[in-house]
Each structure stands twice: as structure tokens, then as C-alpha cells.
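Please open the structure in a viewer and keep the selection panel at hand.

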Amino acid sequence: MKVVALSGGVGGARLCDGLAAALSPEDLTIIVNTGDDFVHWGLTICPDLDTVMYTLAGLAHPEQGWGLAGETFHALAMVERYGGPAWFRLGDRDLGTHLMRAQALAAGRSLTDVTDALRRALGVGPRLLPMSDAPRPTLIDTPDSTLSFQDWLVGQRGAPRVERVRFTGPPRPAAGVVAAIDAADVVILPPSNPYVSIDPILALDGVRAAVARRPVIAVSPIVGGRAVKGPLAPMIESLAGLPPSPAAIAAHYGALLTAMVIERGDDAPAGVATLATATVMGDRADRARLAREILDLARRLP
Ligand code: FO1
């Protein structure tokens with residue numbers, strides 16, 4: 001079964017880790033959000049690409065989900081001594097990734113090629129595709145100002161109310177993105193933030209239409225009325241005017257959805273085929289179990 005997963009954030013990476021355990025590498029392609037990317041310390045930082053890559057390589061910080069396990073921050077401390085920006089915590093090992101990516105991009109290689117070389121070097125089997133090879137930064141309109149994504153999420157801890165999420169730059173999907181979706185037997189939308197992790201991918205030319213031609217299974221990122229991680233719950237209230245629930249997620253994805261996976265005990269959204277199970281992923285075994293349940297559901301779809 002050929003599977004494509006769209007992913008951003010820690011929840012997305014963790015389910016993709018489960019899918020990678022349940023599938024042969026050639027049967028899984030992960031299309032990753034790059035709307036969170038930004039230039040910091042003169043380096044192009046790609047948080048969602050690195051979070052997926054580190055998670056599938058088994059190198060990610062286990063609790064945080066982003067960055068590397070066993071990390072040190074000596075370079076950060078030195079930057080801080082010089083009065084440089086220390087609000088975005090880049091670790092010493094993590095810097096190795098940013099240095100290699102920056103060097104390759106400066107040599108004119110595409111983000112797709114760089115990502116492929118890095119994930120192969122770390123022994124990650126499934127293909128990781130950046131959603132675009134061109135910068136496509138997500139901007140957050142708040143009551144007082146428009147913030148770049150990391151300024152909002154990390155700099156301001158996601159606190160300012162989100163009035164609008166905007167995507168800037170050319171809406172050009174990377175080569176291979178639409179073709180991967182067209183070749184998929186199922187598209188999985190993991191428990192990522194729909195507004196800032198999945199919508200940036202769907203908003204690219206031809207992507208939403210391609211996804212709409214495939215069976216789509218989404219995993220609710222809202223469990224028991226709350227987000228498992230991050231500022232999604234207040235975003236649902238401010239952007240959709242709805243209480244956080246699987247129904248609000250289903251309403252957001254609309255006609256794209258073939259089925260939804262929700263936490264046992266939560267209310268199933270009306271009009272959507274639903275599987276209720278344990279969706280909060282603890283260890284890697286949990287991730288693989290949830291992934292296998294989703295693939296079984298995919299095989300049963302009409
Ligand atoms: N998130 C934070 O809340 N604080 C940080 O200092 C931080 C640093 C960081 C460094 C590298 C990286 O790949 C991710 C990092 N993140 C940090 C997470 C990142 O902001 C988010 O994971 C994504 O942008 C959205 O999921």
C-alpha cells in the first residue's frame with residue numbers, strides 16, 4: 001500500500017515514525033511543511049523537516065520532540081555572550097545539520113536534494129519531501145502586529161491571538177509532491193496543527209486538488225477538548241469560532257476527509273467515518289500500533 005503523509009510539528013513526526021515502522025520505506029513518502037522555516041544566525045532553519053528526520057532516525061529529544069537528544073548548547077552560550085539572539089535554542093549537534101544544509105543551499109542545491117542527502121546519511125528510509133523548494137514563510141496576523149511564525153510560536157510562546165494565518169511567497173510545490181500524492185493509495189493527515197502545519201501544504205498549487213482525488217484519513221490533534229501539544233485549541237476558537245473538538249477539525253478539512261481517527265471517548269464528528277482508539281502516542285511501540293490501526297482502516301475503506 002502506497003502511503004503519503006503530510007506532516008508538521010511533533011505530533012506529525014511521531015505518527016510518521018509509526019508509519020515508517022509499519023511500512024516498507026519505498027511505500028511511504030512524507031511531505032513536510034516548510035512554512036516554519038526561517039534564516040537564523042545566517043543559517044536556513046527547517047524545524048519541521050528536522051523534527052521528522054530526527055524522529056524517524058530515533059535521534060529526537062524524547063520529551064520535546066524537536067531538536068536532538070543529549071544536546072549541548074555551548075555555541076548558543078557563546079552567541080549569548082556576544083549579545084546575539086539566544087531566544088531560539090539551537091543545539092551544538094543540531095548545528096551540524098544547519099551547517100550542512102546551509103553549505104549545500106549556498107552551492108545551489110535544492111532543499112529537496114539536501115533533505116534527501118541528510119535523511120539518507122541518518123539512515124531514514126522513507127522519502128522526505130519539502131512541500132516547496134522555494135521559501136514560503138507562514139505569517140501570523142495578531143491584534144497588534146503581523147509576526148513571522150517562529151517569532152509568534154517561540155518568541156511569544158504562541159500567546160498572541162491569531163486573527164489570520166497567511167502564506168507568503170510563490171505557491172509552488174516541490175517537484176514530486178503532486179506526483180507522490182497521485183500515486184498514493186491513501187493520504188494520512190497526522191495529528192498536526194491543521195492551520196500552520198497542514199494548510200501550508202494544501203495551499204500550494206494543485207496539492208489540495210490532488211489530495212481530494214485520494215482517500216484521506218485524518219487523526220484528530222484534539223483529545224478531550226485540548227491539544228496534545230501547542231497552541232491549537234485557542235486557534236480553533238479564534239479562527240473557526242468553535243470549541244476545540246474533532247468536529248472542528250473535521251469541519252476544517254471538510255470534503256477532503258474520507259475518515260477520521262479520534263481518541264476513544266471523544267465525540268465522533270457527524271457525517272465522517274470514524275475510528276475511536278488510543279491516539280496519544282507515548283513510545284515508539286505506541287506510534288507503530290496507531291499507524292497499523294490507521295493502515296488497517298485504510299484497507300477497509302470503500
Ligand atoms: N521550539 C521552542 O519552543 N523553543 C525553541 O527554542 C525551539 C528551538 C528549535 C530549534 C530547532 C528546531 O528544529 C525546532 C525548534 N523549536 C523550538 C520547535 C519549533 O519551533 C517547532 O517545532 C516548529 O516550528 C513547529 O512545530
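The tour begins with Trp41, which counts as partly exposed because its relative accessible area is 24%, a value in between the limits of 20% for buried and 50% for exposed. The model under view is predicted. Trp41 is placed in the loop that joins β3 (38-40) and β4 (43-45). Although Trp41 is not a glycine, its phi is positive, at about 55°.

Please select Arg157 next, in the loop between α6 (149-155) and β8 (164-167). Arg157 also is a residue other than glycine with a positive phi, near 55°. Is Arg157 buried or exposed? Its relative accessible area is 68%, so Arg157 is exposed.

**The second largest pocket**

For the next stop, select Asp37, Thr44, Ala134, Pro135 and Arg136; these lie nearest the centre of the second largest pocket. The lining of this pocket comprises 14 residues, and its volume is about 240 Å³. Sorted by class, the lining residues are 8 nonpolar, 3 polar and 3 charged.

**The nonpolar cores**

Which residues have the most contacts inside the largest nonpolar core? They are Leu6, Ile31, Ile181, Val187, Leu189 and Leu257, and selecting them gives a view into a core of 43 residues.

Please return to Ile181 and display its surroundings. With neighbours within four places in sequence left aside, Ile181 is in contact with Val4, Ile31, Val187, Val207, Ala210, Val211 and Arg214.

Select strand β10 (residues 216-219) and show its side chains. In a regular strand, side chains alternate between the two faces of the sheet. Here Val216 and Ala218 point one way, whereas Ile217 and Val219 point the other way. All of these residues are buried.

Which strands pair with β10? One of them is strand β9 (residues 186-189), which pairs with β10 in the parallel sense over 3 bridges. In this pairing, Val187 has Val216 of β10 as its bridge partner. Another is strand β13 (residues 259-263), which also pairs with β10 in the parallel sense over 3 bridges. There, Ala218 stands opposite Met260 of β13.

**A buried aspartate**

The next selection is Asp50, within helix α2 (residues 47-56). Asp50 is classed as buried because its relative accessible area is 5%, and the limit for that class is under 20%. Which residues does Asp50 touch, not counting those up to four places away in sequence? The residues touched are Asp94, Thr97, His98 and Arg101.

**An exposed alanine**

The last stop is Ala251, located in helix α11 (residues 246-253). Ala251 has a relative accessibility of 53% and therefore counts as exposed, for which the limit is over 50%. To conclude, select Ser7 together with Ala251 and show the C-alpha atoms of both. From C-alpha to C-alpha, Ala251 and Ser7 are 19 Å apart in space, while in sequence they are 244 residues apart.

Note on methods
Residues are numbered from 1 along each chain as its sequence is written. This is a predicted model: local features need pLDDT of at least 70, side-chain atom pairs count only at pLDDT 80 or more; totals for chains, interfaces and linings use all residues. Side-chain values use heavy atoms; hydrogens and water are left out. On a 1 Å grid over the protein atoms alone, a cavity is a set of points where a 1.4 Å probe fits but cannot get out, and a pocket is an open set with protein on both sides within 12 Å along at least five of seven lines; lining residues have an atom within 4 Å of a point. Grid points are joined across faces, edges and corners, and a volume is the space filled by probe spheres set on the points. Ala, Val, Leu, Ile, Met, Phe, Trp, Tyr, Cys and Pro count as nonpolar, Asp, Glu, Lys and Arg as charged, and the others, Gly among them, as polar. A nonpolar core is a set of buried Ala, Val, Leu, Ile, Met, Phe, Trp, Tyr and Cys residues joined through side-chain atoms within 4.5 Å. Buried means under 20% relative accessible area, exposed over 50%, partly exposed in between (1.4 Å probe, protein chains only). Contact means heavy atoms within 4.5 Å. Helices (H or I, at least four residues) and strands (E, at least two) are DSSP runs, numbered from the N terminus. Two strands pair if DSSP finds at least two bridges between them.
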